[in-house]
Amino acid sequence: MNIPVEYFIALSTLLFFIGVFGFVTRRNLVAMLISIELILNSVDINFAVFNRILFPAQFEGFFFTLFSIGVSAAETAVALAIIINVYRNYHSDQVNSIENMKF
Amino acid sequence: MNIDYSQFLNMIPEVTLMALLVIVFIADFATSQRAVIPTSNGEANSSSRAWFNPLVCLLMAAHIVINIFPTTASVAFGGMYYTNPSVGVIKTILALGALIVLIQSREWIQRPDTQFKEGEFYILIASTLLGMNMMVSANHFLLFFLGLEMASIPMACLVGLDKYRHNSAESAAKFVLTAAFSSGIMLYGISFIYGAMGTLYFDDIAAKITATPLTIMGMVFFFSGLGFKISLVPFHFWTADTYQGAPTTITGYLSVVSKGAAAFALCSILIKVFGPMVEYWQYMLFIVVVLSITIANLFAIRQRDLKRFMAFSSISQAGYIVLAIVGNSAMSYTTLSFYVLVYVVANMAVFSVISSIEEHNNGTVDMESYNGLYKTNPKLAFLMTIALFSLGGIPPFAGMFSKFFVFMSAVKGASLSTTSGVLAYSVVFIALINTVISLYYYLLIVKAMYIKPNEKPLPWFKSANSTKLALAICTAGIIMFGVFSMVYSWIDSASIASM
């Protein structure tokens, strides 16, 4: 029952940096979006854990988690719509296909 | 549980904006039957909803008039929402920027091929503005986050509004992915601040925050997330592509209003919440400001596409805006708001000209098409020159005063006997040198318009009345905000009253 808070932080940090790594290295727009979701999930873990273990008196962290999940769902919906629009325009969802504008 | 509904009286700007949004939505919904039919030649319904744009502009003007007198400081909803005179001033400035965008958008949005999304355009603009208002008057990180997302998600839709154009789709994808990524980074920072402090209320955090490794890390992550939104230099890679691909009107909106709101939010959070850690964030700001101004200026010189050029110019202007925060006093709010106000009118003037020329030039915005513009369209070229002079900071225009005030605010209270004081002076010195560089590339456009010979300059055309009105407002602002000091003292009295 008593898992120390360090374990959770290690997990969320790992998740965060996997997300950042994926965002930087993936060449597919949907995969990049999934990487962003990993980052947001690591944030949710952080908030829930800090609230549950360190500050159990109030529920600010849990509320933040709920709102963050809702907002990230909205963000994903818009991002997916835009990716579909990219696919319609370019017939591809690879990053190197959307390089019309460069220096 | 009962909610005290009288609390909504503390948030008049949001309530009027919400009313505007609902009215526009109903108007769009009720009349869209006739307007939605796309015609190939555009003759049939080109004027079927001519009243729509003036209606929205009038509503936005009414919103400004209702809220132009700053309210006294008050809080609502258990301290989550707060407002004070300087927040009221920045909200009015942002609404003014949105009004100019709405006025000058008419020529573009009522074109036959874009007309069917007119209602969406107004609703998305109003909802981003509502999000920005929430963001600047948040007193709790949750409300701040919600405001930020409310501003950036509809903004992604706006960037991709021209959905059949390749570049617009591409820039929308780039914008939405970086926006989501940056808000993820920002949230990661906020989660560490919560872990260290146990609360998310700004006042509670400010009361007990100290510089521990955890809070410094939280602050740095938070700052980088917001740096993406303001497009400061290490986080600026999306800017040029998004600005180039977005519809020109939206680019103007993105570069002034959205940037101004995020910069004000950054200012108030750094000064209020992270105030005790000032020696840490000041150094961070020094580096970021120097990088933004210098690198963006160097990149701007080599741009041939005017919208891309304005993107780099706006990154460097963002550096000047953030320079105002360095001073860490009431004057920071004043100079930041004043800079944003002047930047709104100057930049919107440039974008009105760009978008007007784009409409009459088959959608091209490269600098070659401006060669010899003076010969055929002297008035437009003259207004563009005034706006560029103001952006560059040439004396009689407002841009010079706003830059001067920002520099003054940055070195306020800095003494040459401390390291940070010396650094503040040297950052201001570098910014001064960069003003000269920026003059060079702003004058490149002026040179193209007045001096460069052109066999076939753009033929004479008559701009739409709405564009003329927008340009008149912007030019009046550029000339008057600098000369009449009462605008500055109005903002200043608001900032002093809210400290």
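How close do the axes of helix α3 (residues 85-104) of chain B and α14(B) come, and at what angle do they cross? Within 10 Å, at roughly 0°. Notes on that and the rest follow.

1. Ground rules. This is a predicted model, where local features need pLDDT of at least 70, side-chain atom pairs count only at pLDDT 80 or more, and totals for chains, interfaces and linings use all residues. Residues are numbered from 1 along each chain as its sequence is written, with chains lettered from A and ligands numbered from 1 in the order in which they are written.

2. The α3(B)/α14(B) pair. Axes here are lines fitted to C-alpha atoms, for helices over the stretch in contact, with angles from 0 to 180 degrees between N-to-C directions. Helices are DSSP runs (H or I, at least four residues), as are strands (E, at least two), numbered from the N terminus. The two helices are therefore roughly parallel (angles under 35 degrees; over 145 is roughly antiparallel, 65 to 115 roughly perpendicular, the rest oblique). On the α3(B) side the residues include V89(B), I93(B), L96(B) and I100(B), and they meet a set in α14(B) that includes Y333(B), V340(B), V344(B) and M348(B). Contact means C-beta atoms, placed from the backbone, within 7 Å. By class, this contact has 11 nonpolar, six polar and no charged residues. Nonpolar covers Ala, Val, Leu, Ile, Met, Phe, Trp, Tyr, Cys and Pro; charged covers Asp, Glu, Lys and Arg; the others, Gly among them, are polar.

3. The α6(B)/α11(B) pair. The axes of α6(B) and helix α11 (residues 248-272) of chain B come within 12 Å and cross at roughly 170°, which makes α6(B) roughly antiparallel to α11(B). F144(B), A151(B), M155(B), L158(B) and V159(B) of α6(B) make the contact with I250(B), L254(B), S258(B), A261(B) and A265(B) of α11(B). There are nine nonpolar residues in it, one polar and no charged.

4. Where the chains touch. Chain B puts in 30 residues and chain A 34. On the chain B side, α6 (141-159), α7 (166-197) and α10 (237-245) each supply at least two residues, and α7(B) gives the most, with 16. That side of chain B has 16 nonpolar, 10 polar and four charged residues.

5. Helix α16(B). Residues 378-392 of chain B form this helix of 15 residues, and its 21 Å from first to last C-alpha is close to the 21 Å expected at 1.5 Å a residue (the expected span being 1.5 Å times one less than the number of residues). It's mostly covered, with 11 of its 15 residues buried. Buried means 20 or more other C-beta atoms within 10 Å of a residue's own, exposed 12 or fewer, and partly exposed in between, with C-beta atoms placed from the backbone. Among the buried ones are L380(B), M384(B), I386(B) and F389(B); the cover includes α13, α14, α17 and α18 of chain B. Just after the helix, G393(B) takes a positive phi of about 90°.

6. Chain A. Expect three helices and zero strands. Its radius of gyration is 17 Å, well over the 13 Å that the globule rule gives for 103 residues, so chain A is more spread out than a compact globule. (That radius is taken over C-alpha atoms; the rule is 2.2 Å times the number of residues to the power 0.38.) The C-alpha box is roughly 50 × 25 × 25 Å along the principal axes, and 34% of the 103 residues count as buried.

7. L15(A). This one sits in helix α1 (residues 5-25) of chain A. L15(A) is partly exposed, with 19 other C-beta atoms within 10 Å. Leaving aside neighbours within four places in sequence, L15(A) is in contact with L38(A), N41(A), S42(A) and I45(A).

Key:
Two residues are in contact if their C-beta atoms, placed from the backbone, lie within 7 Å.
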